[in-house]
There are 2 protein chains.
Amino acid sequence: METRELRYFVAVAEELHFGRAAQRLGIAQPPLSRTIQQLERRLGAALLERGSRGVTLTEAGSVLLREGRAALDAIEAAERRTRRAALAPTGRPGVVLVTKAGATGELLAKLLDAYAAEPGAVAVDVMLCGIGEQERLLRDGRADVALLHRPFDSTAGFDTEELHTEGQVVVLPAGHPLTGRAGVRMADVAALPGLPMPRWPRLDGTFPDGAGPPVHNSTQLLQLIALGRASAIMPESVRAELRDGLVTVPVADAPTVTTVIAWPPHSRSRPVAALVRAATRL
Amino acid sequence: METRELRYFVAVAEELHFGRAAQRLGIAQPPLSRTIQQLERRLGAALLERGSRGVTLTEAGSVLLREGRAALDAIEAAERRTRRAALAPTGRPGVVLVTKAGATGELLAKLLDAYAAEPGAVAVDVMLCGIGEQERLLRDGRADVALLHRPFDSTAGFDTEELHTEGQVVVLPAGHPLTGRAGVRMADVAALPGLPMPRWPRLDGTFPDGAGPPVHNSTQLLQLIALGRASAIMPESVRAELRDGLVTVPVADAPTVTTVIAWPPHSRSRPVAALVRAATRL
DNA sequence: AAGCGGCGATACCTCTCCGGTATCGGAGCA
DNA sequence: TGCTCCGATACCGGAGAGGTATCGCCGCTT
C-alpha cells in the first residue's frame with residue numbers, strides 16, 4: 001500500500017464525499033475515484049458503500065481509517081524527526097518537549113534545570129499547546145517528549161514514567177460560603193448554585209452541552225471564577241499561580257492527578273532517555 | 001514520503017550495500033541509487049555516507065531507519081487488519097491471539113472459555129510462536145492481542161492489563177542435592193556445577209555466548225534438565241506441565257513474572273475490548 | 001412524467017517518473 | 001598500471017498518475 005493511496009482514502013473516509021475530498025487533496029475527482037477503486041481491488045476489500053444517498057464506510061473501511069491514520073502519523077513522524085536530526089550540525093539534535101500552557105510551571109522549570117546540568121545535555125525546545133493537542137504532536141513527530149496529566153490525557157501508545165501525584169482542589173471566588181471549610185467532597189461542589197463547572201473544548205474545537213461557560217485556557221477560567229461566574233476542580237499546583245480574589249479548598253474524594261513524562265516507544269534517542277532519567281530523579 | 005522510498009531506504013540501511021539491497025528488493029541498482037538520492041534531496045538530509053569502504057548511516061539515517069521501520073510496520077498492520085476485516089462476511093472478523101508456545105496453558109484455556117461465554121463473542125484464532133516474536137506480530141497486524149510475560153517481553157508501545165503475577169522456581173533433575181530444600185536464593189543456583197543455565201536465541205536467531213546448552217523451546221529445555229545437563233529458573237506455572245524426573249524449588253529473590261494481555265493502542269476494536277474485559281475478570 | 005441537478009464512474013489523452021541496460025569514474029589492490 | 005568493486009550517470013521504454021469531457025444513475029422538482 002502506498003502512502004498516496006492511504007492519504008486519498010483517509011480524505012474520502014473523512015469527507016464521505018469524493019468531490020470534496022478531491023478538492024481538499026488538490027486533485028480532480030476522477031483520479032481519486034480510480035485510486036480508491038484500485039486500492040479496494042488490491043486489498044480485496046470493499047471500503048466504501050456508494051449509495052445514492054452519499055458514501056458510507058464499510059466495516060473494513062472503518063478499520064482502515066483508524067489504522068491508516070496511525071500509519072500516516074508514523075510516516076509523518078519519521079519524516080519530521082529525520083529532518084530535525086539532519087538540521088543539527090553537531091550530531092546532537094535538539095529535543096522538543098511539549099506541555100499544556102499554564103500547567104506544571106514549577107515542575108517543568110526544575111526538570112529543565114536538572115537536565116541542563118547533565119553532561120552532554122542538548123537544547124530543549126519547549127512547546128506550549130492547548131488541551132489534548134500533545135498526543136497528536138508526539139505522535140506525528142513534531143514533539144519528542146511530553147508532560148501529560150492523567151487521567152485527563154490519554155497515554156495510550158506511549159512509554160511513560162510517573163513524576164508527581166497530587167490531589168485536587170476546588171477553586172472558588174473569595175468570600176464564597178464554602179471558603180471557610182477545611183475540606184469538601186465532590187458532592188458538595190458538583191452543582192454549586194450560580195457557579196457551574198466550565199466546559200473545555202473537545203479535540204475538534206466544539207464544546208459539550210451544559211450550563212458552564214466555555215473556556216479555552218486556565219487564565220480565562222480563573223478570571224471567570226474571580227468574577228463569580230464559575231467554579232472548577234483543578235490540581236493542587238494551581239495554587240502557585242492564583243491571583244487575588246480566588247480561594248482553594250481541598251476536595252477529599254476527587255481523583256488524584258498524576259503528571260507523567262511520555263515519549264513515543266520507538267524514539268528512545270539518547271537525549272530523550274537522558275531527559276527522562278533527569279525527570280525521574282527529581 | 002512514499003512507502004516505496006521508505007522500503008528502499010530501509011533495505012539499503014540494513015544491507016549497507018546498494019547492490020545487495022537492490023537484489024533483495026528485486027530491482028536493479030541504478031533506480032535504487034536514484035530513489036535514495038531523491039529521498040535525501042526531498043528531506044534535505046544526508047542519510048548515507050558513501051565511502052569507498054562501503055556505506056554507513058549518518059545520524060539522520062539511523063533516525064529514519066528506526067522510525068521508518070515503525071512506520072512500515074504500521075502500514076503493514078493497517079493493510080492486514082483491513083483484509084481480515086473484509087474477509088468476515090458477518091461483519092464480525094475473528095480475533096488473532098498470540099502467545100508463546102508452552103506458556104500460560106491454563107490461563108489461556110480459562111480466558112478462551114470466559115470469552116466464548118460472552119454474548120457476541122467472535123472466533124478467536126490462537127497463534128503460538130517462539131520467544132520474542134509476539135511483539136512483531138502484534139505490531140505488523142498479523143495478531144490483534146497477545147499474552148506477554150514481563151519482564152521477559154517488552155510491552156513498549158502497547159496497551160496492557162495485568163492478569164497474573166507469580167514467583168519463579170528453579171527446575172532441577174530429580175535427586176539433585178538442592179531438591180530437599182524448601183527454598184533457595186538466586187546466588188545458590190546461579191552457577192550450579194554441571195547444570196548451567198540454558199541459552200535462548202536472540203531475535204536474529206543467534207545465541208549469546210556462555211556455557212549453557214542452546215535451546216529453542218521449553219520442551220527441549222525440560223528434557224535437557226531431566227538428563228542432568230542444565231537447570232533453569234522459570235515461572236511457577238511450569239509445575240503444571242512437569243514430566244517425571246524433574247523437581248522444582250522456589251527461588252525467593254527471583255524477579256516475579258507478570259502475565260499481561262497486550263494490544264496495539266489504536267486497534268481497540270470491539271472484539272479486542274471484549275476479550276480484554278473477559279481477561280481482567282478472571 | 002419530463003426535466004434537472006448532484007455525484008460517482010468511465011473514456012481518453014498527456015506527461016511524469018519508475019525501472020531497465022549500458023557505461024562511467026574513483027578507490028583499493030596486486 | 002591494470003583489475004575489480006561499487007555507486008553514480010545517461011538514456012530509453014512503458015506503466016500509471018492526473019487532467020478534461022462525458023456518461024449514467026438516482027432523487028427531487030414542477
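This is a predicted model: local features need pLDDT of at least 70, side-chain atom pairs count only at pLDDT 80 or more; totals for chains, interfaces and linings use all residues.
Within chain A, helix α1 (residues 3-15) packs against helix α4 (residues 59-87) at an angle of about 125°, and the two axes lie 9 Å apart. Angles of 65 to 115 degrees count as roughly perpendicular and those over 145 as roughly antiparallel, and α1(A) and α4(A) are therefore oblique to each other. The crossing of α1(A) past α4(A) is left-handed. On the side of α1(A), the residues that take part are A:Thr3, A:Leu6, A:Arg7, A:Phe9, A:Val10 and A:Ala13, and these meet a set in α4(A) that includes A:Gly61, A:Leu64, A:Leu65, A:Gly68 and A:Arg69, as well as A:Ala71, A:Leu72 and A:Ile75. Classified by residue type, this contact of α1(A) with α4(A) holds nine nonpolar, three polar and two charged residues.

The contact between the two protein chains draws 34 residues from chain B and 34 residues from chain A. On the side of chain B that touches chain A, the elements that give two or more residues are α1 (3-15) and α4 (59-87) of chain B, and the largest share, 19 residues, comes from α4(B). That side of chain B divides into 17 nonpolar, eight polar and nine charged residues.

Both chains also contribute residues around the DNA. Around DNA strand C there are 17 residues, of which A:Phe18, A:Pro30, A:Ser33, B:Ile27 and B:Ser52 come nearest. At least two residues of the surface near DNA strand C are supplied by each of α2 (18-25), α3 (29-43) and β2 (54-57) of chain A and by α3 (29-43) of chain B, with α3(A) giving the most, four residues. This surface has seven nonpolar, seven polar and three charged residues.

DNA strand D is surrounded by 16 residues, and the closest of them are A:Ala28, A:Ser52, B:Phe18, B:Pro30 and B:Ser33. Here the elements that give two or more residues are α3 of chain A together with α2 (18-25), α3 and β2 (54-57) of chain B. The most residues on the surface near DNA strand D, four, come from α3(B), and by class this surface is made up of seven nonpolar, seven polar and two charged residues.

Two open sheets in chain A complete the description. In one of them, five strands follow the order β4-β3-β5-β10-β6, and their pairing is mixed. The edges are formed by β4 (124-129) and β6 (159-166) of chain A, each of which has a single partner strand, so one side of each is left without a neighbour in the sheet. From one strand to the next, the twist averages 25°. Strand β10 (residues 257-263) of chain A runs antiparallel to β6(A) and is joined to it by seven bridges, and A:His164 stands opposite A:Thr259 in β10(A).

The other open sheet has three strands in the order β8-β7-β9, with antiparallel pairing. Its edge strands are β8 (232-235) and β9 (246-251) of chain A, each pairing on one side only, and the twist from one strand to the next averages 40°. Strand β7 (residues 168-173) of chain A is joined to β8(A) by four bridges in an antiparallel arrangement, and A:Val169 stands opposite A:Met234 in β8(A). Helix α8 (residues 218-226) of chain A lies across β7, β8 and β9 of chain A and runs at about 50° to β7(A).

Technical notes
Residues are numbered from 1 along each chain as its sequence is written. Chains are lettered from A and ligands numbered from 1 in the order in which they are written. Axes are lines fitted to C-alpha atoms, for helices over the stretch in contact, and angles run from 0 to 180 degrees between N-to-C directions. Angles under 35 degrees count as roughly parallel, over 145 as roughly antiparallel, 65 to 115 as roughly perpendicular and the rest as oblique. A crossing is left-handed if the near helix is turned anticlockwise from the far one by less than a right angle, and right-handed if clockwise. Two residues are in contact if their C-beta atoms, placed from the backbone, lie within 7 Å. Ala, Val, Leu, Ile, Met, Phe, Trp, Tyr, Cys and Pro count as nonpolar, Asp, Glu, Lys and Arg as charged, and the others, Gly among them, as polar. A residue is near a molecule or strand if its C-beta atom, placed from the backbone, lies within 6 Å of it. Two strands pair if DSSP finds at least two bridges between them.
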